Amino acid sequence: ARGKPTMTAATFFVLLASVSAVLCNPTTQQLLANDLNVLNYALALERLEAKFYADYLAGDTHQNDFANFGGGVTYNYIKMIGAHEAAHVTALQTTIAAYGGQTIPECTYNFRDSFDSVEQFLAVAQKLENTGVQAYLGAANTIFNKTLLTVAATITTVEARHAAFLQYVSGVNTPVYPFANYTLNQGRDGFDVPVGPAAIIAAVSETTFLVDCGTIPVPVQLPITLNPAVPNPLQSALDANDVVTLNYALTLEHLEDKFYRTYMDAFTLDDFQNIGLRQYDFISFQLIRDHEKAHVDFLKGVLQSVGATAVEECTYDFKIDLNGDRPTAFRTFIATATIFENLGVSAYDGAIKSITNKVYIQAAASIATIEARHAAYLNYLNVSATSVQSGPFYANGNPFPANTDTPLEPADVIAAAGAFITGCPTGSTPTGPTVLFIQATNTTSSPLGTTTSTTSTPVNPTTGSNSASSVVIGGMLAAACVVMAML
């Protein structure tokens, strides 16, 4: 069950016949309408964030306020966060229009005393960013279109990076750790907390920042219902591929878990302090270590709960010489951690489209945002600890290198991780998932307003290109379920 699901010619025709005999519920139009609701829901939150930063940054009147919070470096990153939120607004508006929808009216805002002090600004900014993370996670299981799901994932992890950075900056003077969930005071267990749209809208309304606002749409989960009377090999194929995806994630989590267990036992608080870091950072690394173990335990538990075999831990060479110069070994440890965490973000963002089970989608997204928090914090160490700058750090110290993260395909992730893997137990060789998914189609029009073809393929949200290796399984039916496999 760990390898890529295979399909014989006989299975193909059975699958073709069964899918062609099954009608979808809900219809294509209902699914599209709900996806547009998700986009408009996200747009309302992104507009709030974008306006918050735009108002604060107007006239550059606060650029000298961060003397005790990282100075000009922090202020420039605040400006970058504001630019990211504005870019998210533009991207969502453009996407809604491209899918034939209408954007909801923009609200008017009053941020009241949010800008009275840098401490108050940082507190509100943290709350907004963490609320954004929770909102995207809470809506992840309502998105049907796989392209939109990937795009949402890459925005969500950037929101988590913003939140971690803001919490780290606030922790200069008080122990606010980058990975604790600000709103619910959670995060030590290694998972962000999804919050449903209705609760998010209520929480945002309670801030009284929205002065004049229309109705914000509440997306709902619309599960695909297949006719139980029809033999359905489709579901077993989807379930098997979900297992492959979970084991793919577990392979990466095993690597990170072993890495931190090994070196957090080897390095001490003195090693952190010897290169200018603090006890705060030592504790942060302990939290990262605990998070990665929690991810391993969670994924193993899910796999066991469905009767699947979990891949085992491999053997590794992390290329850190503990017998040589200790500061060099320690810098290499931080540099390697930075690479692993950023790779983990791209891996989860790239794999989320391979998952069918809605519970797994939300769980994977909740892990991805914690990986993103780790990555932002580790990236930023390149700037905050001068003596670490000689290390081969990822993204040159930028906590959030772009307004969206870059999803990577499993083959690319496995190749990168493989540089540190020396061997694996039988049956645990790293394997990437296939994209097996249900695609609702219509005989007359697609969400983009053009004729839908059974030979069309999903668009890669990063490159904008289509995969020529995609195969469509199923017939053209009005509001039919077509299974598309990107092999």
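Is D271 buried or exposed? In this predicted model, D271 has a relative accessibility of 7% and therefore counts as buried, since the cut-off for that class is under 20%. The side chain of D271 meets that of R326 in a salt bridge, with an N to O distance of 2.7 Å. R326 is partly exposed, at a relative accessible area of 33%.

The salt bridge of D271 and R326 is one of 10 found in a search of the whole structure. Another is formed by the side chains of K353 and E409, at 3.0 Å from N to O. Here both residues are placed in loops: K353 in the loop between α10 and α11 (358-384), and E409 in the loop between α11 and α12 (410-418). The two are 56 residues apart in sequence, so this pair also ties together separate parts of the chain. K353 counts as buried, with 10% relative accessibility, whereas E409 is partly exposed at 31%.

A further salt bridge joins the side chains of E313 and R261, with 2.5 Å between N and O. This pair links distant parts of the chain, 52 residues apart: E313 is in the loop between α9 (279-305) and β3 (315-316), and R261 is in helix α7 (residues 233-266). E313 has a relative accessible area of 28% and is partly exposed; R261, at 31% relative accessibility, is likewise partly exposed. Together with D257, R261 and E313 are linked in a network of salt bridges.

Helix packing was examined around α6. The axes of helix α2 (residues 28-57) and helix α6 (residues 197-206) come within 12 Å and cross at roughly 25°. The angle is under 35 degrees, so α2 is roughly parallel to α6. The crossing of these two helices is left-handed. On the α2 side the contact is made by Y41, L45 and L48, and on the α6 side by P197, I200, I201 and V204. By class, this contact has 7 nonpolar residues, with no polar and no charged residues.

Helix α4 also packs against α6, at an angle of about 155° and with the axes 9 Å apart. This angle is over 145 degrees, and α4 and α6 are therefore roughly antiparallel to each other. The crossing of α4 with α6 is left-handed. In α4 the residues involved are T131, Q134, A135 and G138, which meet P197, I200 and V204 in α6. The contact of α4 with α6 comprises 4 nonpolar and 3 polar residues, with no charged residues.

The loop between α4 (118-139) and α5 (146-170) contains T142. T142 has a relative accessible area of 7% and is buried. Apart from its neighbours within four places in sequence, T142 is in contact with N34, D35, V38, P219, V220 and Q221. The C-alpha atoms of T142 and G196 are separated by 10.0 Å, although the two residues are 54 residues apart along the chain.

How values were computed. Residues numbered from 1 in each chain as written. Predicted model: local features only at pLDDT ≥ 70, side-chain atom pairs only at ≥ 80, totals over all residues. Heavy atoms only, no water. Axes fitted to C-alpha atoms, helices over the stretch in contact; angles between N-to-C directions. Helix = DSSP H or I, 4+ residues; strand = E, 2+ residues; numbered from the N terminus. Parallel < 35°, antiparallel > 145°, perpendicular 65-115°, else oblique. Left-handed = near helix turned anticlockwise from the far one by under 90°. Contact = heavy atoms within 4.5 Å. Nonpolar A, V, L, I, M, F, W, Y, C, P; charged D, E, K, R; others polar. Buried < 20%, exposed > 50% of the residue type's maximum accessible area, 1.4 Å probe, protein only. Salt bridge = Lys/Arg side-chain N within 4 Å of Asp/Glu carboxyl O.
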